[in-house]
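I opened a new page for this structure.

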Amino acid sequence: MFSYVPPIDDYRFLLTQVLGFDAAMADTGKEVDADLAVAVLEEAGRMCADRLHPLNRHGDEEGSRLVDGNVVTPAGFADAWRDFVAAGWASMSADPAHGGQGLPFILQLWLDEMLSAANLSFGLFPGLTRGACEAMAAHASDTLKSVYLPRMVSGEWTGAMALTESGAGTDLALLKTKAVPQDDHSFAVTGQKIFISSGDHDFGGNIVHLVLARLPDAPAGVKGISLFLVPKYLPDADDGFTIRNSMSVGALEKKMGIHAQPTCVMNYDGATGWLVGAPNKGLAAMFTMMNAERLMVGIQGLGVAGAAYQQAAAYAKERLQGRSADGARSPVAIIDHADVRRMLLNIRAFVEAGRALGGWTALQLDRAHHHPDPAERARADALVALLTPVVKAAFTDFGFESAVQAQQVFGGHGYIREWGMEQYVRDARIAQIYEGTNGVQAMDLVGRKLTLDGGAVVEGYFDLIAADLDAAGAIEVADKTRLALNLLRATTASLQGADGDAAGAAAVDYLRLFALVSMGWMWTRMATAAQGDDPFQTGKRIVADFFAQRMLPQAHSLAASIAAGEPSIMALNADAF
């Protein structure tokens, strides 16, 4: 396996020439410029490349283990976590009120990309902790915040979320975990949760679980779900945390990928917990965490795709096979073969557009939190809500497809462990499933997000794209994105208010169409900015042309499929399968 190279040049290009980072920071009052941002990303990249990437294959092969009821992570992970925390990476974007550094979220998002590229299993530990902190900051009492948030923000303690049960996955209305009030205002939480990432580990410190459960008098369905903070260790008389709570790891899930990440079956046997937010309002509180995690999961798909591309491109330059197209040279590096270049360009066209679109979304999140104008904060927040299912689903779909194509570049060597490509394929697959399957994300986009503010949010987003396309002038990617945008507008109008079957049949195709147009927009901005004649900027224009010629035409077939109404999907009932 080749070394991981953080994409710092790309980050610099996006910050300084494409996304208007300095102006965005001025709007939100953050005293961070592009030079400082790049310096932070360079340091983060060194940590990912030098410290975490070398643990990736070993962590996959050793895996996390359950020993006498305690999780043991692969050799090196606990030390790497302590180094990660000591360097301040756990607190990078957190609120300074809780001990965080308050850096822009775009830096956090791109750190997540590099973490996912270098070591996806490791990256889940800080990502889940950050999501738990966001939910607590928004909904927990001041007492809980003061006790737990500073230690979690610093990375001394970690977090996990416990939603899923064997009979309640996507449909949380079916969950059965109970929480019974105690005389001291705590609750006794009893039940079993499955698929709990980072549920336990051997890093030291507390592990804070946010657990969905029902109060004894709770109404049925999702309206009767509450959220509880359930720590692994409880406070003692001296304000230390030394008392083991009544919770345990029943098993570790045996999984296709992310073997180093401990995915736990958690048993809560009257475990002590405290209510987070209002009774019976737990789902709304948990969605604060889930929406943050969905952006992170999308970036996981992007990170794995970027890492797989680097490996495949490096291999293709060294592997000698076959003759040149004119027959004059033999053997040649396989990068000389047009089909290999096609596969690499497919991956790169997604990765670089996804990196830009993720960065643009992150800047909107900062506007939503910090812009002085309430109307602008609301507008930015609505755009983030619109794009969250797109980032989650499209980035993980394209990410998995990219990992498979990169594996194909290696041929038979991609199928064996030595080169690490089969791990990328296995690891990337989960991102299409957890934090809400991609079909659920597509239904969220079509069923909820297209009607935000009566459809004004999505139309405003399309107008932003159209304005940049018009300003770009006559370049191929802008022209073809404009055609695809017109198809997307028409398709959107046809789906707004569609019945459940029609929306369900079209949703996945619609989300991919939406993503292609959004990536075409980003490629237009990048191609417009890349006017120099150096290899970096020339490469940007070439990949933009490839995206226009080979990927954007998918928009026409997707729109046609949606317009046809997919009658075969709706014609058959369950008995016909």
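Which two side chains meet in a salt bridge at 2.6 Å, N to O? I found Asp112 and Arg130. Both of these residues are buried. I noted that the model is predicted.

Next I looked at helix H10, residues 374-409. There the side chains of Arg379 and Glu376 form a salt bridge at 2.9 Å, N to O. The two residues sit three apart, about one turn of the helix. Arg379 counts as partly exposed because its relative accessibility is 36%.

I then turned to a pair from two helices. Arg525 and Asp468 meet through their side chains in a salt bridge of 3.5 Å, N to O. Arg525 belongs to helix H15 (residues 500-529) and Asp468 to helix H13 (residues 456-472), so this pair ties together parts that are 57 residues apart in sequence. Asp468 is partly exposed, at 27% relative accessible area.

I also wrote down a network of salt bridges that links Asp10, Glu113, Arg348, Glu352, Arg355 and Lys540. The count of salt bridges comes to 32.

Last, I looked up the second largest pocket, which holds about 560 Å³ of space. Its lining has 21 residues, and Val5, Pro7, Tyr309, Gln310 and Glu352 lie nearest its centre. Helices H1 (8-18), H8 (282-318), H9 (338-370) and H16 (535-551) each give two or more residues to this lining. H8 gives the most, with seven. By class I recorded ten nonpolar, four polar and seven charged residues in the lining.

Note on methods:
Residues are numbered from 1 along each chain as its sequence is written. This is a predicted model: local features need pLDDT of at least 70, side-chain atom pairs count only at pLDDT 80 or more; totals for chains, interfaces and linings use all residues. Side-chain values use heavy atoms; hydrogens and water are left out. On a 1 Å grid over the protein atoms alone, a cavity is a set of points where a 1.4 Å probe fits but cannot get out, and a pocket is an open set with protein on both sides within 12 Å along at least five of seven lines; lining residues have an atom within 4 Å of a point. Grid points are joined across faces, edges and corners, and a volume is the space filled by probe spheres set on the points. Helices (H or I, at least four residues) and strands (E, at least two) are DSSP runs, numbered from the N terminus. Ala, Val, Leu, Ile, Met, Phe, Trp, Tyr, Cys and Pro count as nonpolar, Asp, Glu, Lys and Arg as charged, and the others, Gly among them, as polar. A salt bridge is a side-chain nitrogen of Lys or Arg within 4 Å of a carboxyl oxygen of Asp or Glu. Buried means under 20% relative accessible area, exposed over 50%, partly exposed in between (1.4 Å probe, protein chains only).
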